[in-house]
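Subject: Structure handover

Hello,

Here is the structure I promised to pass on. Please open it beside this email and follow along.

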Amino acid sequence: MMINKQLVLTYLYLLIYILLSSGVILYNKWVLSPKYFNFPFPITLTMIHMGFSGLVAFLLIRVFKVVKPVKMTFEIYLSCVVPISAFFASSLWFGNTAYLFISVAFIQMLKALMPVATFVMAVICGTDKLKCDLLLNMLLVSVGVVVSSYGEIHFNVVGTLYQVTGIFAEALRLVLTQVLLQKKGLTLNPITSLYYIAPCSFLFLFVPWYLLEMPGMEISQIQFNFWIFFSNALCALALNFSIFLVIGRTGAVTIRVAGVLKDWILIALSTVVFPESTITQLNIIGYGIALCGVVMYNYLKVKDVSASQLPPDSVSDRLAKLQELKMEKKSSDLYVPDDTVNKKIGDEEAPLLPPSRFSPSSHSA
């Protein structure tokens, strides 16, 4: 029996993505937690990631010329990159701060709200329409998250607010990516996106860092280990590249299934790595309810994408459906997931990705 090398390579990339995405989240929690490495400065950690990613992207584009820079005008940078960078920085800041207050498992459960947040923002911005089936799915997800929150033993209002705010900041960033960049016809891969967005995000983070974290940072009390921060930033950067590899080799359904699988693995792993994390039966029930809504949402979006890709000479009923889809702005078909995207959020997801392959799910990143 011959082994399909391409298939093996695809599953290898998926495995690398799941391991890196889970690893970055657990690593960030370990670094920030007062019980472990004890570096309770999430803005500083995020700035290290942005600075490192921007530097590597600069070297790859300007020095080694591995990737060609895109044609970026000052007008596009000011009107598109700057606002996207602001919300990207905000989502990472709030998401990483949540690690100080709530468990990784509960954070992953809250991330099930990502499709809800993205759908709400898309409707508000006018890039998607309010539909009954999607609305019911969003309601189901929301009910599941509420049940899961009610069952959380170590529930913390501040941490929950940070995480939910980070989710909505990420959702708005995704909508802005479509509204602003795609209208300009600009496509950025993970390297060029980091080249333009990481430095700008670093500058946005400098203001809250100067006001909130710098006054409380005493050099004598900070536990700084170069290899810890270097390896942490390297893992975050590697996650961006793994997402790029996964996009090129898999379809939307496979990516969504991988995102759901990663969430369950991460929830289980977090209870092993951080024994203080406790998962209750109500947590699982609530997350299961939310997951049913997310899976159904993904199914509907995949079905819509498949219908929109039918050839023009299809039978009449399919043609009618295609024409109907063309009349609508299918913004939510163009989003990055929260495990990559979801990921990011919490984890260091790529700020911009080829959007046609992704839709929000309960990821990463």
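Lys-65 sits in the loop between α2 and α3, and α3 covers residues 74–98. Its backbone stands out: phi of Lys-65 is near 55 degrees, a positive value in a residue other than glycine. Most residues other than glycine have a negative phi. Lys-65 is exposed, because its relative accessibility is 62% and the cut-off for exposed is over 50%. Keep in mind that this is a predicted model.

Asn-38 also has a positive phi, of about 65 degrees, and Asn-38 is not a glycine either. Look for Asn-38 in the loop between α1 (5–32) and α2 (42–63). Is Asn-38 buried, partly exposed or exposed? Its relative accessibility is 39%, so Asn-38 counts as partly exposed. That class lies between the 20% and 50% cut-offs.

Now the overall fold. The chain has twelve helices and zero strands. The chain has 365 residues, and 54% of them are buried. Its accessible surface is about 16,400 Å². Carbon and sulfur atoms account for 71% of that surface.

Next, a residue inside a helix. Thr-118 belongs to helix α5, which spans residues 114–124. Thr-118 has 0% relative accessibility, so Thr-118 counts as buried.

Then the cysteines. How many disulfides are there? The count is zero. Cys-80 is buried, because its relative accessible area is 1%. Cys-132 is exposed, because its relative accessibility is 61%.

Last, the empty space. Rolling a probe the size of a water molecule over the atoms shows where such space is left. The largest pocket holds about 230 Å³. Thirteen residues, written 13 in my notes, line the largest pocket. The closest to its centre are Lys-29, Lys-35, Phe-101, Ile-102 and Glu-276. What kinds of residue make up the lining of the largest pocket? Five are nonpolar, four are polar and four are charged.

Best wishes

Conventions
Residues are numbered from 1 along each chain as its sequence is written. This is a predicted model: local features need pLDDT of at least 70, side-chain atom pairs count only at pLDDT 80 or more; totals for chains, interfaces and linings use all residues. Side-chain values use heavy atoms; hydrogens and water are left out. On a 1 Å grid over the protein atoms alone, a cavity is a set of points where a 1.4 Å probe fits but cannot get out, and a pocket is an open set with protein on both sides within 12 Å along at least five of seven lines; lining residues have an atom within 4 Å of a point. Grid points are joined across faces, edges and corners, and a volume is the space filled by probe spheres set on the points. Ala, Val, Leu, Ile, Met, Phe, Trp, Tyr, Cys and Pro count as nonpolar, Asp, Glu, Lys and Arg as charged, and the others, Gly among them, as polar. Helices (H or I, at least four residues) and strands (E, at least two) are DSSP runs, numbered from the N terminus. Buried means under 20% relative accessible area, exposed over 50%, partly exposed in between (1.4 Å probe, protein chains only). Accessible areas come from the Shrake-Rupley method with a 1.4 Å probe; for residues, only the protein chains shown count as cover. A disulfide is a pair of cysteine sulfur atoms within 2.5 Å.
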